[in-house]
Amino acid sequence: MTKYVFITGGVVSSLGKGIAAASLGLILKSRGFRVVNQKFDPYLNIDPGTMNPYQHGEVFVTDDGAETDLDLGHYERFTDENLSQSSNTTAGRVYLTILNREREGGFNGGTVQVIPNVTDEIRRRMLLPAQEKQVDFIITEIGGTVGDIESLPFLEAIRQIKYEVGVEHCVYIHLTLLPYMKKAQELKSKPTQHSVKELQGLGIQPDIIMLRSEIPIDSATREKLALFCNVRSDCIIENLNAKSIYEVPLMMEKEGLGRAVCRALNIEDSPSHLERWAAMVDQMYHPVRRITIALVGKYVELHDAYLSVVESLLHAGIHNKTEVIIDWIAAEELSDAESTARRLGGAAGIIVPGGFGGRGIEGMIRAAEYARTNGIPYFGICLGMQILVIEYARRVLGLERANSSEMDAAAPDAVIDLMPDQDGKILGGTLRLGKYECALVPGSISARAYGAQTVWERHRHRYEFNNSYRSRFEQNGLAVTGVNPERNLVEIVEVSGHPWMVGVQFHPEFKSRPDRAHPLFREFIGAAVHRAEEAR
């Protein structure tokens, strides 16, 4: 029978529940178990798709087109399991489902209440992955912290689930902060005690307590917390700050997290097999070279807005035995040719990731021109691909006012535009979301990177390459090397004669893994390494 692990947080937010959940997923999968992760967020947005990146960070997209919390990216990268629409639920989605049902008469005129109606819908969604496919473990992260008023229905739901599926099939893990007072040179356990007491007051007794700490936990603190929080001392798991998030599963396994979970669920423990993961971490910590990649974007003040891009660059660096240093450049900084040359001159490669809206576009265009005219490897993702096309139209084709109709609805040459079937839809309804097929041109940079003729990649964008200009581009050296065969939409463009200048309409960063870098990121960093070595 499927086992259920619920991870809650206390004291403060941003302790790393997502990394803990992802690490546990990897630890259990390394023992041969089938694992799926999911996250429940208490905010009232239906999903993060329309939220400002500065509010929420990156929007991660699944194969089936779910716009989700960035923690799902951690889950996929650690467990190498593709997630789905059922893997991320918000309070907004729960309430929307219930209210729609009420309007349709689904409650037969009865009063609709938080308990049992809201909690029933939450529980239904928590149990859904076990109905979709056979899994041994469903690991569920509850967003927010204990004590948040908006989290109460979710905590009540996980309390109820324990008695629905059976106490022997459910385990609670509570992650808290264990602050270190430098003046007193002492770890303070009281915040954790209060957080656990709050959880107990809601009817939930944690089976395992995970402690985020800056320094190792002494035995006296461990025993004290075990006594006051009603858990075994070997179920107090130390969660120290790590040099890299990819080391966390190895640390958690060493601390006995996998063993504690198996014992709590009365499962026979078995050896974990994290040798390949450990080898990857070791290679990451021992690069043979270092290069700088300029990331030119709109939201560079919040690095989490480009989390999967950053992680994919790291993965590609691991593959190439190279430490990748990211130079974060706000596109507005590139105000003229002089500032562009000054800021980009030391980069071995330039990457322009996705984004929406017109802010910073001219700076990105200057970055693309600098890369094209100076032979610097350039990787344009989504908006970055459109920037490549706009720059090429202006500087090579001579279409001086070429633009995207997103940025300039009156542009005389809308080389990036909405497709006819996108008109009149609500915000979000015009997006191309999820995985789509891409047929590759044999012999192209992209085809050689993938080693395949057809690939499937995830999308999140609204505007497309305007096929009315396609022949003109191709006659002047911009090759279309990837096309969606169903709708004849351009997916990949490459600049002929350039060492490595590629733009992709999709988001390859969503499919990269730390021990298996995405082919395009892998080859981009390889080209940047070659460029750096030539410049020496």
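Let's start with helix α4, whose buried residues pack against β2 (35-41), β5 (88-90), α5 (114-132) and α6. Contact here means heavy atoms within 4.5 Å, and buried means under 20% relative accessible area, calculated with a 1.4 Å probe on protein chains only. This is a predicted model, in which local features need pLDDT of at least 70 and side-chain atom pairs count only at pLDDT 80 or more, while totals for chains, interfaces and linings use all residues. Residues are numbered from 1 along each chain as its sequence is written, and side-chain values use heavy atoms, leaving out hydrogens and water.

The buried residues of α4 are A91, G92, R93, V94 and I98. After α4 comes G105, with a positive phi near 85°.

Strands count as paired if DSSP finds at least two bridges between them; β2 and β5 have three, in the parallel sense, and K39 has N88 in β5 as its bridge partner.

Where does S151 sit? S151 is in the loop between β6 (137-142) and α6 (152-165). S151 is buried, at a relative accessible area of 1%. Beyond its neighbours within four places in sequence, S151 touches P42, G143, G144 and T145.

Helix α14 (residues 361-374) packs with helix α15 (residues 383-395) at about 70°, their axes lying 9 Å apart. The two are therefore roughly perpendicular, a label for angles of 65 to 115 degrees. The residues of α14 that meet α15 include I361, M364 and R372.

Three of them form an open sheet with mixed pairing, in the order β16-β17-β20. Since β16 (402-404) and β20 (464-465) are at the edges with a single partner strand each, one side of each is left without a neighbour in the sheet. β17 (residues 413-417) and β20 run antiparallel, joined by two bridges, and I416 has F465 in β20 as its bridge partner.

Strand β21 (residues 478-484) has six of its seven residues buried, so it is largely enclosed by the rest of the structure. β21 runs antiparallel to β18 (residues 432-440), with two bridges, and antiparallel to β22 (residues 489-495), with six bridges. L440 stands opposite G482 in β21, while N484 has L489 in β22 as its bridge partner. β21 and β22 form a hairpin with four residues between them, and N488 in the turn has a positive phi of about 55°.

Our last stop is helix α18 (residues 519-535), whose 17 residues reach 24 Å from first C-alpha to last, close to the 24 Å expected. Among its buried residues are F521, R522 and F524.

Definitions and conventions
Axes are lines fitted to C-alpha atoms, for helices over the stretch in contact, and angles run from 0 to 180 degrees between N-to-C directions. Angles under 35 degrees count as roughly parallel, over 145 as roughly antiparallel, 65 to 115 as roughly perpendicular and the rest as oblique. The expected span of a helix is 1.5 Å times one less than its number of residues. Buried means under 20% relative accessible area, exposed over 50%, partly exposed in between (1.4 Å probe, protein chains only).
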